[in-house]
Amino acid sequence: MNSEKCYSFDKFREEFKPYGLTCETWIPRVMPRYDRHNEIEINYLPQGNITYLRHNEKITIYLTKNYCNDIKANDIGDAVGLHSDYANHIFKKAFGTTISDYIAELRIAHAQRKLLTTDMSITDIAYECGFNSIARFNATFFKKIQCTPREYKKKIVK
């Protein structure tokens with residue numbers, strides 16, 4: 001990537017401060033460590049364009065800031081200036097996962113941290129992490145971690 005392209009890209013990034021960006025010539029992906037909210041890695045897609053990359057960066061930052069809230073598809077579209085279906089399409093095309101799955105991963109990672117570092121009840125953790133019901137929290141936690149939150153906490157405490 002030549003320095004002229006980097007400059008023209010960086011001059012549009014002011015709105016994303018303090019979030020860092022790493023550009024490489026690999027397939028785009030969100031960093032797997034969900035606790036590193038200020039280091040979102042979005043790789044440069046040679047056949048894509050900078051606008052496409054900026055949209056995905058906006059979506060990722062919006063989700064990172066708001067995953068504990070009740071997020072609707074229209075909220076994401078409105079926040080990044082795209083139709084919600086198109087926002088989900090470009091996100092999945094770039095990262096290989098849907099926006100709703102990514103939100104679930106963020107919420108579960110947050111719940112894991114809470115289970116490890118606090119004495120909060122599992123119910124309180126579920127609601128604080130953005131889940132609307134205990135059943136949904138338990139089902140999502142089990143799907144992602146292969147155990148219930150209670151089992152997870154018991155395993156870690158030992």
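Ile59 contacts Ile76, Val80, Ala87, Ile90, Phe91 and Ile99, with neighbours within four places in sequence left aside; contact means heavy atoms within 4.5 Å. The model is predicted: local features need pLDDT of at least 70, side-chain atom pairs count only at pLDDT 80 or more, and totals for chains, interfaces and linings use all residues. Residues are numbered from 1 along each chain as its sequence is written, and side-chain values use heavy atoms, without hydrogens and water.

Ile59 also belongs to the largest nonpolar core, which has 16 residues. Such a core is a set of buried Ala, Val, Leu, Ile, Met, Phe, Trp, Tyr and Cys residues joined through side-chain atoms within 4.5 Å, where buried means under 20% relative accessible area (1.4 Å probe, protein chains only). Ile59, Leu63, Ile76, Phe91 and Ile99 touch the most other members. At least two residues each come from helix 2 (50–66), helix 3 (73–80), helix 4 (84–95) and helix 5. Helices are DSSP runs (H or I, at least four residues), numbered from the N terminus. Helix 4 gives the most, five residues. A second, separate core of 12 residues includes Ile108, Phe131, Phe137 and Phe141.

Helix 5 (residues 99–117) also packs against helix 8 (residues 149–157): their axes come within 10 Å and cross at roughly 50°. Axes are lines fitted to C-alpha atoms over the stretch in contact, with angles from 0 to 180 degrees between N-to-C directions. Gln112, Leu115 and Leu116 of helix 5 meet Pro149, Tyr152, Lys153 and Ile156 of helix 8.

Key: Buried < 20%, exposed > 50% of the residue type's maximum accessible area, 1.4 Å probe, protein only.
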